[in-house]
Amino acid sequence: MHGKCGLFFSSYAAEARFFQSGFQRTCLGLFVLLLVAAPLLVGPYLLSVLNIICIAVIGAVSLNLLTGVCGQISLGHGAFMGVGAYGAAICTLRGVPFPLALLAGGAAASLAGMVFGVPSLRLKGIYLAIATLAAQLILEYVFLHAGGITGGSNGLLLDPPTIFGFSCNTDARMFYLLLVCAALSLLVVANLLRTRHGRAFVAIRDFHLSAEIAGVNLFAYKLMAFGVSAFLAGVAGGLWAHYTQFVSPEQFGISQSISCLAMIIIGGLGSVLGSVFGAVFLTLLPEGLNLVAGTLSAWFPDISAQLVALREGVFGLTLVLFLIFEPEGLAHRWKLVRAYWKLYPFAH
Amino acid sequence: MRTVMKTFLTLALCLALAAPALAETIKIGGLIDLSGPTSAVGRPYAEGLRAAAEYINAHGGVSGRQIEFLLQDTAYNPQQGLALYKKFATVDKVVAVQGFGTAVTEALVRFVAQDEIPNFSASYSAHLTDAAKAPYNFVIAADYSTQARAALKYFKDNWKESRAPRLALLYPNAPYGLAPIPAIKAYAKELGFELVGEENVDLKAIDATTQLLALKGKNPDYTWIGGTTPSTAVIMKDAKKLGMKTTFFVDIWGADESLVQLAGDAAEGAVSLQAAAVYGQDVPGMKAILEQTKNQPQMTHFIRGFASMMVMVEGMRQTLAKGPLTGKTLKETLETLRDYDPQGLTPKISFLPGDHRPNMSVFLYKIQNGKLTFLSAQTLERKAEWLGL
């Protein structure tokens, strides 16, 4: 049997396919199978880490759409997640079925995102970053002071999500729910990028004036980017709230926004795969450090305290090192690795 | 061949018998903020827990069983706390958890209830004492609202003048600062205080003159400060600069031994609300602490951590006297605890089914000559309508 040498396409549709070679599709299929079997393969601890990763993936990919693809910096992403979390929580507490509540939370976040996205027409770069920072602070204030609906400083207690009478009350059940949501989010964003709208986002990011001359309605598309991005962030927030069964203002602070931003910088701006890498990397970083501290403390009992103090430093250092040595993120490194193996052993 | 078999069998038997004996340790998880914004108080608290575990192990353990205290850092991050907790619950299979910060404790409320793992935390939010909402959460200090109410009662009882005492409130616009405010306002009104003003001072504030100038003209007799030691120090120093004459009273995390170092003279005369003894105080339990710390002074948070472990262990001891020790039986036993005295380290502790307020007491300390000096222990009535508020 003779395989094709390289890839060639005879239609645009073929070129736009996500996974062009049979090998890629096989790998993806195996990976999905592995994920589906994960609850049987890994212990409950790793499963809970996987759950957190799934939520982080949704948060990261949503911000990547706004910042990486459309070039609009947002420091209010944590708050948009919060709006989604509160929206979904308030709905389920009033008896709305979970899937609808999750969408309602997303819609609320989307609305908030669009409202705070309005300044993006006039503001660019650092000015927009500050405007979205204001969104973060204002929304946090609302979470804290609208005690009647958000529970104020006490927060809200929730039940595990129930879908058509099936309660996701274990980590394994939750994992499937989160996996499906994360996969759907990735599909939505990846598909959006292949459409006219996605190309308009990229045009705006690359140069707003050219985009406008080419006929892109800047305001509409920027708002759309804010809306879609905040919607997905809201879904991530709603899932997080129902996973921990608790919402409080503290969970959606500025640190959440920064950690989303760090994820896409480390993963790769503008890349869907990069969002996944970034989310996985940043979620595993503290766990990995804990593991190192735990292992070392067997020999040096005092070291765990020292390492613990180093942790925040390590986080910052990682970020700086990535910016210097891998500015295009893990996704770029992945591309290089793939290219290397594609030609192996005949690299030229 | 026979002898070999015999040796093997004996060995196997020995191992089989020894295994449960080795497994007799009681595992307690520790989820404390050793790094992050609250680590300055988290570390001494964790040290206190650890010292208590060591002390108890060295003095015969819990009914002959040793404690294995697994301390982990949560960095005030609910995600991290959740992952660590899952590891405790599923891999290590701990009987109970010693927690710390509000963010993590609240994120775990539902999980500890489902897994039936009691969580002793240092998050004294009133709503965590309502066992209808948080059945597996325990604290060994009265909640923030109760502490503040008790202080108000003490001031009112010692008020000599005929006019109503004037009260002002300073607190950060954060969940932790806002939590006790409605309770303070309601009880102050009930006691006959005149609320003359309230201002927000951020936890990271470096200046509070604006807020204090607004209050200065109103001459409050008492001023509540909610916050942590850095923000409290800023307020006190600025108040001294402006020449304000008021008695500050500060919540449990806002005025400890480090405040004196941060605020210096400006802290003199302020009243600190605490729930545990200070180092070297003349109470029976201090002997164990002096012994364990080799006379190295520790913060009051250390002592509260020590006491938290003592209360948990007392619950375990009573549970083991009745039957097997699980999270569920421990919770049930704890709810029968009445007036347990951790040798004077904290006020006496009781937990009731449905009402996990440990007591209604607060220790008041006055800062004199740079030291926390015991002023009084104030106890309130256990009113049902205050539960969780």
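## Basis of the model

Residues are numbered from 1 along each chain as its sequence is written, while chains are lettered from A and ligands numbered from 1 in the order in which they are written. Because the model is predicted, local features need pLDDT of at least 70 and side-chain atom pairs count only at pLDDT 80 or more, whereas totals for chains, interfaces and linings use all residues.

## The largest nonpolar core

A nonpolar core is here a set of buried Ala, Val, Leu, Ile, Met, Phe, Trp, Tyr and Cys residues joined through C-beta atoms within 7 Å; a residue is buried if 20 or more other C-beta atoms lie within 10 Å of its own, exposed if 12 or fewer, and partly exposed in between, with C-beta atoms placed from the backbone. The largest such core holds 216 residues, of which A:Ile55, A:Val57, A:Leu178, B:Ala151 and B:Phe306 touch the most other members. Its largest share, 17 residues, comes from helix H3 (residues 44-69) of chain A, where helices (H or I, at least four residues) and strands (E, at least two) are DSSP runs numbered from the N terminus.

Leaving aside neighbours within four places in sequence, B:Ala151 is in contact with B:Phe249, B:Val271, B:Leu273, B:Val362, B:Leu364 and B:Gln378, contact being defined by C-beta atoms, placed from the backbone, that lie within 7 Å.

## Contact between the chains

Chain A brings 27 residues into contact with 24 residues of chain B. On the chain A side, H3, helix H13 (272-297) and helix H14 (303-325) each supply at least two residues. This side divides into twelve nonpolar, eleven polar and four charged residues, with Ala, Val, Leu, Ile, Met, Phe, Trp, Tyr, Cys and Pro counted as nonpolar, Asp, Glu, Lys and Arg as charged, and the others, Gly among them, as polar.

## Domains of chain B

Chain B is assigned domain 1 (14-142 + 280-358) and domain 2 (145-274 + 365-386), with bounds that come from an automatic or database domain assignment. The C-alpha centres of these domains of chain B lie 29 Å apart, and their contact takes 14 residues from domain 1 and 15 residues from domain 2.

## Strand pairing in chain B

An open sheet of five strands in chain B has the order E2-E1-E3-E4-E5, with parallel pairing; two strands pair if DSSP finds at least two bridges between them. Strand E2 (67-73) and strand E5 (137-138) of chain B are the edge strands, each pairing on one side only. Strand E1 (residues 26-32) of chain B pairs with E2(B) in the parallel sense over seven bridges, and B:Gly30 stands opposite B:Leu71 in E2(B).

Elsewhere in chain B, strand E8 (residues 222-225) is covered on both faces, with B:Tyr222 and B:Trp224 buried on one side and B:Thr223 and B:Ile225 buried on the other. Four bridges join strand E6 (residues 166-171) of chain B to E8(B) in parallel, and four bridges join E8(B) to strand E9 (residues 247-250) of chain B, also in parallel.

Helix H11 (residues 218-244) of chain A has 27 residues and should span 39 Å at 1.5 Å a residue, which agrees with its end C-alpha atoms being 39 Å apart; the expected span is 1.5 Å times one less than the number of residues. Of the 27 residues in H11(A), 20 are buried.

A:Ala131 is found in helix H6 (residues 125-145) of chain A, and A:Ala131 counts as buried because it has 20 C-beta neighbours inside 10 Å.

Notes:
Two residues are in contact if their C-beta atoms, placed from the backbone, lie within 7 Å.
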